[in-house]
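Subject: A structure for you to explore

Hi there,

Here is the structure I promised to pass on to you. Have a look around before you read my notes below.

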Amino acid sequence: MSNVKVSSDSISDLGNLYEERGIARLPIPIVLGDRTGLDGDITPSDIYDFFDRTKTTPKTSAITPEEYYNFFSAQTEDGSELVHFTISSEMSSCYRNAVAAAERCKGVYVVDSRNLSTGAGLLVLYADDLAKAGFSGAEIKAKADARSGAVQASFVVDTMTFLYRGGRCSGVAAFIASVLKIKPCIAVTGGKMEVCQKYRGSTDKAIVKYVADTLRSYPDPDLKYVFVTHTSARPEVVETVKREVLAAFPSANIIETIAGATVTSHCGKGTLGVLYFNDGGKV
């Protein structure tokens with residue numbers, strides 16, 4: 001059986017886990033005014049600085065079919081199979097471009113994560129576990145596709161500015177949220193981002209309520225991987241979230257990651273989410 005590698009668009013926000021687990025990462029292009037760079041070369045700090053200076057939010061663009069082809073070719077030149085994960089096809093043309101590139105390669109399997117950030121990252125780690133257990137590329141793709149619906153991915157947004165300017169919410173919704181000091185909870189449902197809850201008051205209180213609501217609504221986590229992913233949330237807020245999760249599920253393996261430039265471009269500073277498979281690990 002061929003060796004199987006796992007790779008991902010940079011949206012899976014796995015931080016140090018990319019290198020630790022040997023998971024290749026293909027960066028999304030980020031546009032800051034007249035400067036275009038790649039997620040990773042452009043950091044969240046660059047985005048915050050750009051917004052503070054210009055009051056303009058960044059833009060992202062899809063990875064091209066040719067860029068995917070070059071990446072896939074390099075990953076498989078040693079005869080390995082490759083399972084690659086993209087951001088949800090409902091949010092970007094990356095999946096379509098990756099599929100077009102994969103048709104020109106041998107042994108490349110593209111998975112539409114139907115998610116973003118560590119919602120996709122959960123599937124990437126699951127696939128990597130399967131690859132290390134000896135499953136084939138085709139088997140891993142089938143299992144990842146089947147499990148994608150079990151991902152619980154949601155987050156609380158501190159400001160609606162980035163979502164509004166990125167076309168993810170209406171101006172009216174952004175205005176009302178600002179005036180009423182509403183902190184919306186955004187959930188990924190059917191591959192799309194939707195407002196699922198609205199919290200009033202401070203960000204700190206909203207996040208604590210969000211964690212309680214999430215753990216109650218999705219009470220069957222696979223405790224192997226439970227992500228707390230954020231865009232530069234205050235350390236004390238992150239620690240509070242971890243304590244709340246462990247109070248409910250003491251054996252949870254909590255992994256804290258900082259969202260990369262792609263997710264930060266769309267959500268802004270202070271966003272935080274708790275993400276996990278809500279299937280009890282019964283796969």
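What follows is a short tour of what was found in the model.

The average pLDDT over the chain is 90, and 91% of the residues score at least 70. The stretch to watch is residues 167–180, where the pLDDT is below 50. In the model, that stretch has 17 contacts beyond near neighbours in sequence. Where pLDDT is low, the predicted coordinates should not be read in detail.

Let's begin with helix 3 (residues 65–76) and helix 4 (residues 94–102). Their axes are 8 Å apart, and the two helices pack at an angle of about 55 degrees. Helix 3 and helix 4 are therefore oblique to each other, and their crossing is right-handed. If you want to find the contact on your screen, look for Pro65, Tyr68, Tyr69 and Phe72 on the helix 3 side. On the helix 4 side, the partners are Cys94, Asn97, Ala98, Ala101 and Ala102. Sorted by class, this contact of helix 3 with helix 4 has eight nonpolar residues, one polar residue and no charged ones.

Next come helix 5 (residues 117–132) and helix 6 (residues 137–147), whose axes cross at roughly 145 degrees and come within 10 Å. This crossing of helix 5 and helix 6 is right-handed. Helix 5 brings Leu123, Tyr126, Ala127, Leu130 and Ala131 to the contact, and helix 6 brings Ile140, Lys143, Ala144 and Arg147. Here the residues divide into seven nonpolar, no polar and two charged.

What angle do helix 9 and helix 10 pack at? The angle is about 25 degrees, with the axes of helix 9 and helix 10 lying 10 Å apart. These two helices are therefore roughly parallel to each other. The crossing of helix 9 and helix 10 is right-handed. Asp204, Ile207, Val208, Val211 and Leu215 in helix 9 face a set of residues in helix 10: Val237, Thr240, Val241, Glu244, Val245 and Ala248. By class, the contact of helix 9 with helix 10 has eight nonpolar, one polar and two charged residues.

**A closer look at helix 9**

Leaving aside neighbours within four places in sequence, threonine 203 is in contact with Asp158 and Lys183.

Leucine 215 is in helix 9 as well. Is leucine 215 buried or exposed? At 11% relative accessibility, leucine 215 counts as buried. Not counting residues up to four places away in sequence, leucine 215 touches Glu244, Val245, Ala248, Phe249 and Tyr276. Leucine 215 and threonine 64 are 151 residues apart in sequence, and their C-alpha atoms are 38 Å apart in space.

**Two buried strand residues**

Serine 154 sits in strand 9 (residues 154–156) and is buried, with a relative accessible area of 3%. Not counting residues up to four places away in sequence, serine 154 touches several residues, among them Cys185, Ile186, Tyr210, Thr214 and Val274.

Proline 184 is in strand 10 (residues 182–189), and at 4% relative accessibility proline 184 counts as buried. The C-alpha atoms of proline 184 and valine 241 are separated by 17 Å, and these two residues are 57 residues apart along the chain.

**Two positive phi angles**

Finally, here are two backbone angles to look up. Lysine 55 has a phi near 55 degrees, a positive value in a residue other than glycine. You will find lysine 55 in the loop between helix 2 (44–54) and strand 5 (59–60). Serine 232 also has a positive phi, of about 55 degrees, although serine 232 is not a glycine.

Enjoy exploring, and write back with any questions!

Best wishes

Conventions:
Residues are numbered from 1 along each chain as its sequence is written. This is a predicted model: local features need pLDDT of at least 70, side-chain atom pairs count only at pLDDT 80 or more; totals for chains, interfaces and linings use all residues. Side-chain values use heavy atoms; hydrogens and water are left out. Axes are lines fitted to C-alpha atoms, for helices over the stretch in contact, and angles run from 0 to 180 degrees between N-to-C directions. Helices (H or I, at least four residues) and strands (E, at least two) are DSSP runs, numbered from the N terminus. Angles under 35 degrees count as roughly parallel, over 145 as roughly antiparallel, 65 to 115 as roughly perpendicular and the rest as oblique. A crossing is left-handed if the near helix is turned anticlockwise from the far one by less than a right angle, and right-handed if clockwise. Contact means heavy atoms within 4.5 Å. Ala, Val, Leu, Ile, Met, Phe, Trp, Tyr, Cys and Pro count as nonpolar, Asp, Glu, Lys and Arg as charged, and the others, Gly among them, as polar. pLDDT is the predictor's confidence in each residue, from 0 to 100. Buried means under 20% relative accessible area, exposed over 50%, partly exposed in between (1.4 Å probe, protein chains only).
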